[in-house]
Amino acid sequence: MAETVLEIENLVKNFGALRATDGVSLDLRQGEIHALIGPNGAGKSTLIHQICGTLKPDQGNIRFSGQDITALGVAERARLGLGRTFQVSSIAPEFSALRNVMLAVQAKQGTSFRFFTPVMRDRSLTEPAMAMLERVGLAARADIPAAELSHGERRQLEIAIALALESRAFLLDEPMAGMGPEGSKALTGFLDGLRHEAPILLVEHDMDAVFALADRISVLVYGKIITTGTVDEIRRDPAVRSAYLGDHA
Amino acid sequence: MTLSRETLINLILIVLLAAVPFVALGIGQPFYITLATRIAILALAAVGLNLVLGLGGLVSFGHAAFFGIGGYVAGILAAHASSGEALMFGLAGSDQMPVIWLVTLIVCGIVGLAIGAVSLRTSGVYFIMITLAFSQMIYYFAVSWPAYGGEDGLSILVRNRFPGVNSMKPISYFLICLGMLIAGLGLFSLIRASRFGAALQAARQNAVRVAAVGISPYPIRLAAFTLSGMITGVAGALYADLNRFASPSMISWHMSGELIVLIVLGGTGRLFGPVAGAMLYVVFEFALGGLTERWQFFLGLILLAVVLFARGGLLGLLAGKARHG
């Protein structure tokens, strides 16, 4: 069995009387795409927030590359190599696409406490950033302020940023959301290759993409993982069909 | 290399400011030199604030604290230099500007670090209020400190000295202040283009994104706040030397407000926003102030117009939207 990169153990998160995460255990292994699916309100976002550090779980722990990261903040987890994209694109809107990626390259290189060298003339920043934009097919739009990019382009930009961080695992929160059929198809192909660089925990509503990509699928319902299995196992699972898939399967 | 429109406007502004005293001497109106010096000093104070407010998006409503501390450092060191009495820890006073600026930088750095460390744990309206609270604390401290003038402030009998220059000559003092302004602008411009500046500006636009790439916004903002206070502090020391007077009014919240107004008038986050703003402000103050005591009412109207119709301030109006390479 491949090495486990991210391991979540018995995670619990309550909001008042609501148990949004109810004893979730989940792991992500080297080289795989592990999809997390579930109906709206199942607690996917809450779980993602706990994995990337914006929310602290009430119980349980999270291990990443063999290290307990449960107590670490967002920036510390990112520095360890947990790269993420957001459900709603999160970028610096006034910066160009290139500068958005350059910020990630800069973070990857270490300290930001450098006051006197202009970033735009620093080829150790511009060149890797440009290379990442090329990989996601956004090179021609490098100089456009991120706010003026189309929805799909912003998603590509977020992936370029995650790539620039040379992440050891990707946490992709609905990367297909709002993409047209063409865009989804291109992105599916791209993610298919990406898993060999670092494993992907993929939260996605687009079932075509999930079934095409996932090595394993976990189904989250009411804060609990009801089952984890391969695409075929999940398709056949009667509990999943009644809880979620409906006509899709 | 072609100059961008903004660079051209910046050059015109600084040349214009530098020319004022010479024209003033030419037409026999030396009073205008003081006006130009005031512009340079206020602009420098606002360059400091522009670092946190413009680049960092942090509305500090307490920068008068640094301005005032700079003023009092100049006043107190000068008082001890002329009386010959030792300062605390047996240190002597000084009437040398470079020494005064250095002490100002150190004191404002420490105070900035302390105020910033607490204030930056909050955001939005709470940040505004807490910075205001800190500067009011320092204001009341100055008011209730009889050793250094209390409510009446502290006079500087003879303007402090600068090596090799007769600082009492208005035009020489103007050139010192202009030099400091240019140095401040140079520093701002370097920082804005640097990695630190990139992180600071990105944290203003989207702090969540900055954390997600692994940069914690807090230490970046704290360093910016501290640097910003240090620059504004030096401007305060220059201001006290210009008026030969350090008063609690330099620390009052009106002063903090004035600095914010300067920046908004000129163009928030723009390199020359503070310069354009200070020019407008001082010229309004002088021109309208000559017509009516209620000149601030008209300034209010102008500010309203800027906020409603020219969000980018004067520079936004002249040079168009700011662009990030």
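Across the interface of chain A and chain B, 18 residue pairs, both at pLDDT 80 or more, are in polar contact, meaning a pair of N or O atoms within 3.5 Å, where within protein one must be able to donate a hydrogen and the other to accept it, and residues adjacent in sequence count only if both atoms are side-chain atoms. This is a predicted model, in which local features need pLDDT of at least 70 and side-chain atom pairs count only at pLDDT 80 or more, while totals for chains, interfaces and linings use all residues. Residues are numbered from 1 along each chain as its sequence is written, chains are lettered from A and ligands numbered from 1 in the order in which they are written, and side-chain values use heavy atoms, with hydrogens and water left out.

The same interface holds three salt bridges, each a side-chain nitrogen of Lys or Arg within 4 Å of a carboxyl oxygen of Asp or Glu; D122(A) forms a salt bridge with R195(B), with the closest N and O atoms 2.8 Å apart.

Counted by contact (heavy atoms within 4.5 Å), chain A gives 37 residues and chain B 30 residues. The two chains bury about 2,900 Å² between them, 60% of it on carbon and sulfur atoms, buried area being the accessible area (1.4 Å probe) that two parts lose on being put together, summed over both.

Within chain A, strands β1 (residues 4–15) and β2 (residues 18–29) pair in the antiparallel sense over nine bridges, where strands are DSSP runs of E, at least two residues, numbered from the N terminus, and pairing requires at least two DSSP bridges.

Terms used:
Helices (H or I, at least four residues) and strands (E, at least two) are DSSP runs, numbered from the N terminus.
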